Amino acid sequence: MRLTIEKFQQLYSVATSNMDEVDKAISFVQVFTGKSVHDIEKLNVKKFNKLCVKVKNVFEDAMNKANNSKPSNYLWVDRKLFYINYNIAELSANKYVETSVYGQEIVTNLHKLMASMVYEVKLTWKGLKIMPYNAMKHEKISELMLKADFKTCYNMAVFFYLLFRNSLLSMKDYLVAESKNRELVEMALTGFTEIMDGFTMPKWCQNLKQSV
C-alpha cells in the first residue's frame, strides 16, 4: 500500500484515539483495506492478524525511510511537479506565523504545511519555471497534498522545521513587532519552539550544526 499523507493521518488518528486495542486494530485494518467494519469482522483470525502485521510493517517502513533519507527539492504529486524552497530568509512574516502554527500538530497539518512550502513548477519553452507562491491557492494545494507520499513529505517537513526553528529564535522579536495581533503571534511562536525543542530529529539531520 502506498502510504499517502491522508492515509497516514487516518491511521495516526486511530493510533492516538481512546479506543481499546481491539477496536483500534479493526480501525487500522479498515483504513488500510478500505473495507467496511462488517466485512472486517467476517474475516477469520489468521487473515485479520496477517493484515494487522502488514499495517505495522507499512508504518515502520515509512518512518525508517523518513529517518534515513535526506530530503529533495522537488516533489511529484498527482502528475504535478513542485519545488520546495528551504530558504527560510525568503519567508514573509505572515508565513512565519502560519508555519509555526502548523508545526504544533505536524502530522495533522502536514498537507497544509506542504502547501505553504511548495512552489508550482511549469514547463515552458525555456524549460522548467518555478512559479511565484500564490496564497489564494493554498487550500486547493493542501487538498492535493493529501495524495502525496507521506514519508517523502514528512522528511521534507522535518528538515524545513529544523531550519525554521533556528531562524525563528533570532526572528521572534521582529515577527511579534510586525504583527497586528502581537499576543497571539507570541503565543504561537513560543508554543512552536517549545514543541520543537523536544522533537526527535531524523538520523540524517542530527549532526547538522545549529547555525544551518
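Buried means under 20% relative accessible area, exposed means over 50%, and partly exposed lies in between, taken with a 1.4 Å probe and protein chains only. By that definition S116 counts as buried, because its relative accessibility is 3%.

Before I continue, a word on the source. This is a predicted model, in which local features need pLDDT of at least 70 and side-chain atom pairs count only at pLDDT 80 or more, while totals for chains, interfaces and linings use all residues. Residues are numbered from 1 along each chain as its sequence is written, and side-chain values use heavy atoms, with hydrogens and water left out.

Let us turn to the whole protein. There are nine helices and four strands; helices (H or I, at least four residues) and strands (E, at least two) are DSSP runs, numbered from the N terminus. Their order from the N terminus is α-α-α-α-β-β-α-α-β-β-α-α-α. Of the 212 residues, 44% count as buried.

I return now to S116, which belongs to helix 6, residues 110–117. Which residues does S116 touch, leaving out those up to four places away in sequence? They are K95, E98, Y102, Y133 and H138, where a contact means heavy atoms within 4.5 Å. For the protein as a whole, 70% of the contacts with a separation of 6 or more are between residues 24 or more positions apart.

K35 is located in the loop between helix 2 (21–33) and helix 3 (37–41). Is K35 buried or partly exposed? K35 counts as partly exposed, because its relative accessibility is 38%.
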